[in-house]
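This briefing concerns a structure of protein chains, shown below. Please read the points that follow alongside it.

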Amino acid sequence: MRVSHPVRVAAESSGFLSRMVKTEIGSVEACVFRKPLLKVPGKGLAADSETAICGLLAEICGVDEHPALTVPLAACQACCQSHKPSKTHPNSIVASLLVGLAERIVRENGTPSCSVEKAAKLGAWAEKCLPAVSFDEDDTQDSARKQYGHLAGIVADDIERVLPIPAESTSHPQGHVRNWSVGITTAPRRLPTLQSCAESVIQAGWKDPVLFLDGEVAIPEAFSSLNFCHRTPALGAFPNYFLSLSELYMRRPHADAFMLIQDDAVFVPSDATKHYLERVLWPWDGPCMASLYCSKKYNQSTAGWHLFPESWVWGAVAFVFSNAAVKQILTSPALLAHRSQPGRDGLSKIDVVLGQIAKEQDIPLIFPSPSLVQHIGTTSTIWDHARAVNARYADQFIGDLLPST
Amino acid sequence: MTGARNAGEPKQSSGPEGLGYTLWRYDGAQWHIKKDCPVEGAMASLPPTVPGEFDGQLRATSCVLAS
């Protein structure tokens with residue numbers, strides 16, 4: 001492994017974002033792919049015309065002209081409110097339109113620039129780009145756009161009113177966490193979330209998280225003072241996670257709590273979160289682990305902290321480990337056994353392995369419902385087209401339930 | 001601290017695998033099944049409750065366990 005200094009940039013950016021810098025992000029007028037069709041006499045093209053040509057569809061298909069490149073304004077509006085699409089990662093609106101375009105080209109036996117075979121492949125690919133959401137979920141929503149700045153002034157008591165502290169924690173004050181070792185794992189994403197994540201972690205009270213960079217990741221300038229570990233070439237999510245956990249222990253072996261956060265997690269932007277957690281953790285001596293993230297799959301009918309009885313599988317977004325737990329996990333044979341699986345099998349499923357180890361070694365795993373952390377990953381670093389939707393999303397997040405201050 | 005409910009669900013991967021999916025097409029007013037791809041033992045979920053934005057919009061929903 002070669003350790004080097006990653007590139008530091010002034011702000012997160014993508015080529016698409018930089019082109020929209022002077023106009024409101026999310027507005028139809030700002031879309032660089034949209035070519036309005038309606039001509040207003042004496043005034044040229046009108047940007048709010050009811051139909052337009054979608055240049056991104058044309059680019060993906062390699063077709064210059066086709067009736068199906070014409071899209072309604074409603075589609076453009078929905079697309080601009082969703083996460084930014086690209087040629088390789090269309091959002092669900094672009095994917096829908098692409099399936100329609102591909103089907104028409106196939107029915108027409110191809111075009112000079114798009115054969116039937118190419119169109120069929122594009123259509124199948126576009127279909128796979130549609131995230132499989134729950135029936136009551138909107139697949140166009142971009143969770144990364146939500147802001148929680150209105151909660152900056154909350155205190156721990158506010159959180160406690162929504163998420164009661166377990167009786168075990170109240171009666172075990174000697175177990176309260178005072179020393180933390182905190183890290184954030186990150187890897188290249190088309191739509192980076194590291195800035196949002198790191199900002200929220202620092203605002204939530206942990207001022208010096210260590211950044212564990214797997215591959216070529218740019219550290220936003222605002223975080224240039226943070227300690228970091230840069231792995232190059234990239235190792236993969238699973239190895240990065242457990243090497244990072246090991247380093248958190250090596251850096252602070254006597255910490256009461258080790259928290260490892262994935263870079264697409266966001267906390268409520270108030271240090272009330274840290275103060276609140278120091279009232280909750282740990283409810284008993286010995287090994288214990290807490291997922292601060294509660295997937296939709298694990299919602300409970302009663303608000304509070306719960307003990308997970310089975311093997312956890314939905315999300316390693318933000319886990320906290322007691323000192324005893326981290327030692328058990330890092331020395332577990334299951335860790336090495338999983339990594340030794342062939343090919344890419346040993347590079348993912350962090351949550352599944354953590355859940356397996358917790359179950360096998362009787363490490364209590366607790367979690368809050370509603371979730372203390374939201375999962376905002378629009379593009380996954382592990383799965384080609386997975387997004388934070390459906391079970392990979394907290395539909396009960398404390399940031400949406402707390403009153404403004 | 002209470003034990004969590006919903007602990008009886010079958011184990012599933014945290015990755016994109018699952019029970020399959022159903023592809024729905026919006027006609028401007030309602031969603032209709034365009035393609036149904038459940039795995040064995042699964043079936044299409046309820047139709048999407050969030051309306052579409054335009055005629056021709058597609059949405060994929062996760063399949064659910066067959067009762």
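The model is predicted: local features need pLDDT of at least 70, side-chain atom pairs count only at pLDDT 80 or more, and totals for chains, interfaces and linings use all residues. Residues are numbered from 1 along each chain as its sequence is written, chains are lettered from A and ligands numbered from 1 in the order in which they are written, and side-chain values use heavy atoms, with hydrogens and water left out.

**Interface of chain A and chain B**

- Contact (heavy atoms within 4.5 Å) involves 46 residues of chain A and 34 residues of chain B.
- The buried area, meaning the accessible area (1.4 Å probe) that two parts lose on being put together, summed over both, is about 3,200 Å² between the chains, with carbon and sulfur atoms giving 55%.
- Four salt bridges cross this interface, where a salt bridge is a side-chain nitrogen of Lys or Arg within 4 Å of a carboxyl oxygen of Asp or Glu.
- A:Glu103 and B:Lys34 form a salt bridge through their side chains, at 2.5 Å from N to O.
- The side of chain A that touches chain B receives two or more residues from each of helix 3, helix 4, strand 7, strand 15 (304-307), helix 13 (350-360) and strand 17 (365-369) of chain A; these helices (H or I, at least four residues) and strands (E, at least two) are DSSP runs, numbered from the N terminus.
- Helix 4 of chain A supplies the largest share of that side, five residues.
- By class, the side of chain A that touches chain B comprises 25 nonpolar, nine polar and 12 charged residues; Ala, Val, Leu, Ile, Met, Phe, Trp, Tyr, Cys and Pro count as nonpolar, Asp, Glu, Lys and Arg as charged, and the others, Gly among them, as polar.

- Four strands make an open sheet in the order 7(A)-5(B)-2(B)-3(B), with mixed pairing; two strands pair if DSSP finds at least two bridges between them.
- Its edge strands, each pairing on one side only, are strand 7 (132-133) of chain A and strand 3 (31-38) of chain B.
- Strand 7 of chain A runs parallel to strand 5 (residues 58-62) of chain B, and two bridges join them.
- A:Ala132 has B:Ala60 as its bridge partner in strand 5 of chain B.
- Seven bridges link strand 2 (residues 20-26) of chain B to strand 3 of chain B in the antiparallel sense.
- B:Trp24 has B:Ile33 as its bridge partner in strand 3 of chain B.

**Salt bridges**

- Over all chains, the structure holds 14 salt bridges.
- A:Asp138, A:Asp139 and B:Arg59 are joined in a salt-bridge network.
- A:Asp158 and A:Arg161 meet through their side chains at 2.6 Å, N to O, in a salt bridge; the two are three residues apart in helix 6 (residues 156-162) of chain A, and so separated by about one helical turn.
- A:Glu160 forms a salt bridge with A:Arg279, with the closest N and O atoms 2.6 Å apart. Because A:Glu160 lies in helix 6 and A:Arg279 in helix 10 (residues 272-280) of chain A, the pair ties together parts that are 119 residues apart in sequence.

**Buried residues of helix 3**

- In helix 3 (residues 73-81) of chain A, the buried residues (under 20% relative accessible area, with exposed over 50% and partly exposed in between; 1.4 Å probe, protein chains only) are A:Leu73, A:Ala75, A:Cys76, A:Ala78, A:Cys79 and A:Cys80.
- Their cover includes strand 2 (34-36), strand 6 (70-72) and helix 4 (92-107) of chain A.
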